[in-house]
Amino acid sequence: MDNALRELYQEVILDHSRHPRHHGVLNDASHKAEGYNPLCGDRVTVYLKLGEDGRVADIKFEGKGCAISQASASMMTDMLKGRSQAEAEKLMTGFLHLVKGEDASDLPEDDRERLEVMGGISEFPMRVKCATLAWHTYKNAVEEGKNVVEEGAT
Amino acid sequence: MTAQGKISTAFDVEKARADFEILSRTVYGKPLVYLDSGASAQKPRVVLDAMRDFAQSEYANVHRGVHFLSAAATDRYEEARRTVQKFLNAAREDEIVFTKGGTEAINLVSYSYLAPRIQPGDEIVLTVMEHHSNIVPWHFLRERAGAVLRWVDVGDDGSLDIEALDAAINNKTKLVAVTHMSNVLGTISPLKEIIARAHAKGVPVLADGCQGAVHEVVDVQALDVDFYAITGHKLYGPTGIGALYAKRAHLKAMRPFNGGGEMIREVMKDRITYADPPARFEAGTPPIIETVGLATALDYLSAFDRKAVAAHEHDLLAYAREQVGQFNWLRVIGDAPGKGAILSFEAEGMHAHDLATILDREGVAVRAGHHCAQVLMERFGVTSTSRASFALYNTRADVDALIAGLLKARGILV
C-alpha cells in the first residue's frame with residue numbers, strides 16, 4: 001500500500017469508524033444540528049448537552065458515512081467532552097488547520113498528538129470535507145441549535 | 001473500409017485507445033484506468049485537433065458579419081448541425097437546437113414547451129431512475145405552476161415495467177420524461193414502446209439521451225420521439241455543447257428561452273419578433289469551437305461499426321459482472337436484461353468514497369456518490385454507490401485492475 005493510503009486508513013481511524021464512540025441519540029440534549037454532505041449524501045447529527053458554564057457536559061452523534069467522516073465524528077466526541085467553549089473552539093481551529101496540511105502548532109501538545117492521526121487527510125483534498133463535517137455540525141449545534149450544515153462540494 | 005465502402009465489423013480496441021492520448025498517462029505512478037466515462041468521456045485526438053485547427057484557421061463569430069471568416073465559421077457551425085441531424089437521423093436540420101449540454105436541452109423543453117401548457121394538477125410522468133437534470137426542470141413546474149410529478153418505479157433489478165409506465169399516463173398527463181439509459185443502473189428504457197403507448201394517449205415524450213446516445217444507435221424518426229436531449233462531453237466531444245432534437249411542429253409552437261442576439265427577427269422599442277427555430281432558441285454567441293468539436297466527435301464515433309463497439313462494451317460489462325458476482329460482500333445495483341455498460345454497486349463495510357479513494361491510488365477512476373440520482377438512491381435504500389462505466393476504449397485489463405483494487409480496498413477497510 002502506498003504511504004499516503006496507509007497514513008489515511010491507519011488502524012486508529014479504522015477502529016473509530018468500525019466502533020464509533022458516543023454513537024447514538026442524546027435524549028437530554030440542549031443543542032442539536034444536522035450536517036449534510038451533498039457530494040456523497042452523507043448525514044451526521046450532533047447532539048450536545050451544554051452545562052451552565054458552557055462546558056460540553058455530554059455529546060453524541062448519529063449518522064452513516066465513510067470511514068473518514070465516522071472516525072472524525074467519533075474522535076471529535078471523545079475529545080470535546082468536558083471542554084469549555086474556548087477550548088473547543090481552539091481544538092476545532094487546530095483540527096481544521098491540521099486536515100488542510102496547515103500549521104497546527106498552536107494546539108496543546110496532547111491534543112495535537114491525538115488529532116495528528118487525521119493529518120493524513122491533507123494528502124486527499126477531495127476528502128477533507130468528510131473529516132470536517134462533524135466539526136462544522138458541532139459548531140452549528142452550539143451557535144444555531146438546530147440548523148443543517150452543508151459541506152459543499154470542493 | 002473496403003472498396004465497397006463497407007465498414008469492417010471488427011472493433012480494434014487497441015487501435016482506438018491510441019486515439020486517446022490521456023489513456024497513456026499514469027496516476028500516482030500507476031497506469032490510468034479510466035472507468036468514469038459515464039460522467040464524462042475522454043476526447044480523441046481528432047476532436048482536439050479539429051477544435052484547434054478551426055480556431056486557428058477559420059474562426060469568427062457566426063451568423064454575423066459578411067466577411068470571409070464569419071462565412072466560413074457559419075458554414076462549419078451549420079455543418080455541425082447537419083452532423084447532429086444525421087447522428088440522430090432527424091428529418092430536418094432545423095429540428096436540431098444547439099444547447100450548452102443535456103441539462104440546458106431539458107430546461108429548454110420545460111420552459112419553452114411545457115410551462116405555458118401546464119395548469120395546476122396537470123401531470124408529468126417520470127421514472128425514479130432519472131438524473132437530476134431530468135427531474136429538477138419538472139420540479140420547477142411543480143413549484144411554479146402546480147404540476148404533479150407522477151413517478152414510475154423500477155423493479156429490484158432496475159428494469160422499467162412498460163405496463164406500470166403506461167398506467168401512470170392519464171388524461172392529465174402533459175409529458176412523459178424518461179431516460180434512454182440510466183446513468184446509475186445502466187437500464188435501457190424500452191423507448192419505442194413507451195413512445196407508442198404515450199402517443200396512443202396523445203402525450204408527447206422527452207427522452208434524456210445523455211447516456212443512451214453514447215451506447216445505442218438513435219433514430220429519432222423510427223422512435224417517433226418528440227424531444228431527445230444529448231450532451232457532447234459524454235459523446236467523446238467537448239464540454240459546453242449539447243443539442244436538443246425536437247419535432248418541427250413542437251419547436252414552432254415553443255416560446256423563446258433566453259433572450260438576446262441571434263434569436264430575434266426584429267427588435268423595436270415597443271415590440272419584438274422572434275427568429276424561426278432553431279435560431280429562436282440559440283440566443284447569444286454559441287460555443288462555436290465546441291460545436292465543431294462535437295461534430296468531429298460524432299463523426300469519430302460514427303466511423304466505427306457501432307454494433308461492434310456496443311458488443312465490445314457489453315463484453316466488458318459481462319466480464320466485470322461475472323467477476324463481482326463471485327463476491328458475496330458486493331451488491332450490484334441494476335441488473336436489467338440488455339442493460340448498457342454501467343456497473344453500480346455497494347460493497348459491505350466499504351463506503352463508496354473510501355473505496356473510490358483507494359481505487360484512485362491504484363490509478364482506477366470510478367465515480368462514487370449519488371450520481372445526481374437521489375430519487376433512485378432512495379429507491380434502493382442507499383445514499384451512494386460506486387460506479388464503473390465503460391467506454392469504447394476500455395479493456396478487460398481495466399476490469400482486472402478494478403477487481404484487484406476492490407480486493408485491496410477490502411483488505412484495508414474490512
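What pLDDT does chain B average, and what percentage of the residues score at least 70? In this predicted model, the average pLDDT of chain B is 96, with 98% of the residues scoring at least 70. Residues 1–8 of chain B, by contrast, have a pLDDT below 50, and this stretch makes four contacts in the model beyond near neighbours in sequence. For the complex, the predictor gives an ipTM of 0.87 together with a pTM of 0.93.

Chain B is divided into domain 1, comprising 13–43 + 305–413, and domain 2, comprising 49–302, and the C-alpha centres of these two domains lie 28 Å apart. The contact between them takes 26 residues from domain 1 and 29 residues from domain 2. On the side of domain 1 that touches domain 2, at least two residues each are supplied by helix H12 (306–324), strand S14 (342–347), helix H14 (374–379) and strand S17 (385–389) of chain B; by class, the residues of this side divide into eleven nonpolar, eight polar and seven charged.

Within chain A, the axes of helix H4 (residues 85–99) and helix H6 (residues 128–143) come within 10 Å and cross at roughly 170 degrees; because angles over 145 degrees count as roughly antiparallel, H4(A) and H6(A) are therefore roughly antiparallel to each other. A:Met92, A:Phe95, A:Leu96 and A:Val99 of H4(A) make the contact with A:Val128, A:Ala131, A:Thr132, A:Trp135 and A:Lys139 of H6(A), a set of residues that divides into seven nonpolar, one polar and one charged.

Between the chains, 15 residues of chain A are in contact with 17 residues of chain B, and the side contributed by chain A has ten nonpolar, two polar and three charged residues.

Conventions. Residues are numbered from 1 along each chain as its sequence is written. Chains are lettered from A and ligands numbered from 1 in the order in which they are written. This is a predicted model: local features need pLDDT of at least 70, side-chain atom pairs count only at pLDDT 80 or more; totals for chains, interfaces and linings use all residues. pLDDT is the predictor's confidence in each residue, from 0 to 100. Two residues are in contact if their C-beta atoms, placed from the backbone, lie within 7 Å. Axes are lines fitted to C-alpha atoms, for helices over the stretch in contact, and angles run from 0 to 180 degrees between N-to-C directions. Helices (H or I, at least four residues) and strands (E, at least two) are DSSP runs, numbered from the N terminus. Angles under 35 degrees count as roughly parallel, over 145 as roughly antiparallel, 65 to 115 as roughly perpendicular and the rest as oblique. Ala, Val, Leu, Ile, Met, Phe, Trp, Tyr, Cys and Pro count as nonpolar, Asp, Glu, Lys and Arg as charged, and the others, Gly among them, as polar. Domain bounds come from an automatic or database domain assignment.
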